There are 2 protein chains.
Amino acid sequence: MKFNYSKHVPNTDNDATGAILAAAADPKVISLAGGLPAAELFPVEDFRASANRVFDEHGAQALQYGGAAGLPALREEIIRNFLKPRQVEGAVENIAVTTGSEQAIEQIAKMFINDGDTVLVEAPTYLCTVDAFKSFGAKIVTVAMDDDGMKMDALEEALKAHPEAKLIYTIPTFQNPTGRTMPVERREQFVKLADKYGVPVLEDDPYGAIRYSGKAVPPLKHFDKTGNVIYMSSFSKILAPGFRLGFVVADEGFIKTFTIMKQIADLHSDNFSQYLVADYLAHNDVDAHIAKISKLYQHRFELMQSLIESEFPAGVKHSNPEGGMFIWCQIPGDIDTQALFDACIKQGVAFVPGDPFYAGESESGTMRLNFSNVDDDTIREGMKRLGAAITKFLNK
Amino acid sequence: MKFNYSKHVPNTDNDATGAILAAAADPKVISLAGGLPAAELFPVEDFRASANRVFDEHGAQALQYGGAAGLPALREEIIRNFLKPRQVEGAVENIAVTTGSEQAIEQIAKMFINDGDTVLVEAPTYLCTVDAFKSFGAKIVTVAMDDDGMKMDALEEALKAHPEAKLIYTIPTFQNPTGRTMPVERREQFVKLADKYGVPVLEDDPYGAIRYSGKAVPPLKHFDKTGNVIYMSSFSKILAPGFRLGFVVADEGFIKTFTIMKQIADLHSDNFSQYLVADYLAHNDVDAHIAKISKLYQHRFELMQSLIESEFPAGVKHSNPEGGMFIWCQIPGDIDTQALFDACIKQGVAFVPGDPFYAGESESGTMRLNFSNVDDDTIREGMKRLGAAITKFLNK
């Protein structure tokens with residue numbers, strides 16, 4: 001059966017990312033391509049205790065339909081555990097729970113984007129956001145970055161050229177794919193520029209809590225005095241992604257409209273998992289748990305970084321993330337990254353080529369390496385193979 | 001902050017349904033307005049056993065990211081427990097797990113509907129589907145029903161008038177809001193007509209398993225030889241709605257495209273809940289559980305039906321559902337149902353007025369009564385109040 005799909009459906013069978021992940025999934029291949037958190041740190045036994053308490057204390061109620069904006073007890077825990085420590089103001093009415101932050105991205109895309117509308121994103125940026133924006137017909141305009149994230153002169157230029165833009169999407173902290181973080185001064189400037197041009201900001205902050213070095217920087221939302229910043233984060237990287245729980249923090253009026261749209265999308269997020277995570281947060285020290293994650297990721301990052309220096313050919317540049325899950329590398333010269341990827345797969349190691357992260361023109365020789373979900377031996381062997389493959393490729 | 005939303009956002013603050021539900025939520029009001037399953041039958045202790053087994057057997061894996069199409073073990077259980085008994089053919093590749101069937105509706109709307117496209121629905125039909133269709137700019141064309149569901153002459157007329165229609169949406173079994181069921185012959189005719197005009201059918205079957213009288217009728221999907229029928233159902237009414245787990249059954253090619261769109265929507269549905277429900281289905285007799293639900297609903301339906309006859313004024317017509325959760329009543333004469341609703345609220349009883357279920361012109365004096373989530377005493381007192389309020393209203 002050949003269906004006549006709408007233009008929301010991508011009209012290509014060319015799933016480049018799917019092909020990369022499929023190649024990386026070969027058991028003979030060491031994958032540094034993933035974006036998964038370290039499963040060995042998921043607090044399985046604490047979750048078991050929480051699940052049993054939820055069955056004891058709430059029983060059938062936790063299994064019944066719930067409200068579209070999310071369980072009030074979970075929203076209270078979000079304020080106490082995530083907003084207050086990050087200096088983000090917000091009451092229960094400013095929060096909506098989402099089915100992972102992916103749902104927040106898709107629903108906000110739906111809420112803002114008519115076919116042909118412009119949105120601004122970092123170059124490079126998170127793949128799935130670009131897919132979500134494109135599914136509503138967005139024209140994607142990219143804004144250049146440097147080591148400190150989105151460049152403010154480039155942003156202002158883009159805003160001048162596209163004052164009609166509907167959204168600016170940014171991951172200002174430990175960005176995916178680059179690991180870069182925007183400093184305080186630039187954040188203040190960002191919020192002011194967005195206000196000046198009247199373009200709302202969608203701030204995606206799934207990694208911000210996982211900082212292992214440097215000084216904490218408040219989210220853009222902290223500097224927002226007008227309600228122009230829509231902030232979103234997720235439990236996927238700090239607790240576990242399987243529950244698909246994220247949240248949006250914004251003006252009460254926005255949250256009301258968002259909730260209407262969320263209701264159309266899936267009525268509400270998993271009620272049992274919301275009870276479970278609310279119970280976990282009420283009974284455990286989540287900061288101590290996040291400190292454990294950060295310590296492990298720091299170790300893995302430092303190991304991977306030292307191996308870039310010892311195993312990779314000279315001249316390879318890389319980002320120096322102070323948190324999160326990714327290092328971004330750039331190999332000098334005019335590199336066909338897909339050919340490099342194929343050469344590496346032959347050597348039994350995978351990364352994600354940089355190209356798919358660029359909604360516009362890509363930068364040559366870029367690659368994303370993940371360190372959160374690989375143990376020391378795997379990092380050592382993977383980086384050795386990668387170094388050898390890159391050296392061979394460059395000397396070809 | 002006033003945002004410039006897209007046309008996907010309804011441009012009205014007039015939330016009629018919200019107002020109805022708010023009035024019905026008053027603790028002094030007996031609500032026959034809901035659409036909730038009976039929480040006292042949720043198998044809480046069986047779910048607790050399953051949750052503990054999932055922590056034992058799968059641990060962190062059940063909390064990690066999963067595949068967008070859903071847990072293969074759950075899809076196997078769907079085939080064994082739901083498709084085979086309903087004579088619907090399908091392999092794992094024909095199934096995608098969804099975040100409640102609401103997500104299936106929204107994503108399928110997105111996949112088929114461009115702004116201005118026509119879709120056909122029953123008059124009356126499920127409210128939230130109409131909201132989802134409208135959010136993508138659909139022009140809704142309604143097809144008349146009789147006691148046996150959508151009328152085939154009316155469907156053919158609509159298809160002739162709108163051969164460009166993108167979808168026909170139907171709830172053929174224990175329909176919401178009417179409780180009506182389409183007989184076998186009409187189902188065969190329906191599938192043939194849809195094939196003839198080349199318009200895909202979205203068959204929504206959340207209630208079909210809960211039959212307490214009459215003879216089982218296979219879903220439309222059973223009669224589908226061309227792959228033109230997209231079938232969807234849910235665990236919400238037979239296990240528990242809190243997990244937000246539903247599923248779509250269709251051609252493998254459709255499921256592949258659906259999975260790409262689902263990935264953009266929320267990456268995948270709650271992995272832990274998928275493991276939990278798969279474990280429940282592997283360790284429990286779900287048919288025996290559904291038989292318990294059906295027995296309780298039969299009792300409540302028969303009680304409510306007998307009270308329509310004893311408490312309501314003569315001439316009130318009502319549907320005679322053989323399963324599901326709703327009775328549909330029609331009060332004779334030219335009735336302002338909203339005024340009747342207001343009068344009933346004053347008497348301390350709520351129903352859902354029929355009007356919002358009609359995407360087109362509504363039928364006068366219609367109302368939906370729910371019997372699944374109210375105990376005997378509440379049904380007795382609620383129906384007494386309702387009968388008195390209707391009688392008073394008619395004699396005014």
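Trainee: How many aromatic pairs does the structure hold over all chains?

Mentor: This is a predicted model, and over all chains it holds 45 aromatic pairs.

Trainee: Why is the aromatic pair of A:Phe301 and A:Phe371 called tilted?

Mentor: The ring centres lie 5.7 Å apart, and rings pair if their centres lie within 6.5 Å, while the planes of A:Phe301 and A:Phe371 stand at 55°; planes under 30 degrees apart count as stacked and those over 60 as edge-to-face, so the rest, this pair among them, count as tilted.

Trainee: What parts of the chain does the pair link?

Mentor: The pair links distant parts, 70 residues apart: A:Phe301 belongs to helix H11 (residues 286–311) of chain A, and A:Phe371 to the loop between strand S14 (366–370) and helix H13 (376–394) of chain A.

Trainee: What makes H2(A) roughly antiparallel to H2(B)?

Mentor: The axes of helix H2 (residues 44–57) of chain A and helix H2 (residues 44–57) of chain B come within 10 Å and cross at roughly 180°; because angles over 145 degrees count as roughly antiparallel, H2(A) is roughly antiparallel to H2(B). By class, their contact has eight nonpolar, two polar and four charged residues.

Trainee: How do you know that chains A and B have the relation of a two-fold axis?

Mentor: Chain B is superposed on chain A by a rotation of 180° with 0.0 Å of shift along its axis, at an RMSD of 0.0 Å, and that is the relation of a two-fold axis.

Trainee: Why can one say that the copies meet through the same surface?

Mentor: Because 100% of the interface residues of chain B are also interface residues in chain A, the copies meet through the same surface.

Conventions:
Residues numbered from 1 in each chain as written. Chains lettered and ligands numbered in written order. Predicted model: local features only at pLDDT ≥ 70, side-chain atom pairs only at ≥ 80, totals over all residues. Heavy atoms only, no water. Least-squares fit on C-alpha atoms with pLDDT ≥ 70 in both. Contact = heavy atoms within 4.5 Å. Axes fitted to C-alpha atoms, helices over the stretch in contact; angles between N-to-C directions. Helix = DSSP H or I, 4+ residues; strand = E, 2+ residues; numbered from the N terminus. Parallel < 35°, antiparallel > 145°, perpendicular 65-115°, else oblique. Nonpolar A, V, L, I, M, F, W, Y, C, P; charged D, E, K, R; others polar. Phe/Tyr/Trp six-rings, centres within 6.5 Å; stacked < 30°, edge-to-face > 60°.
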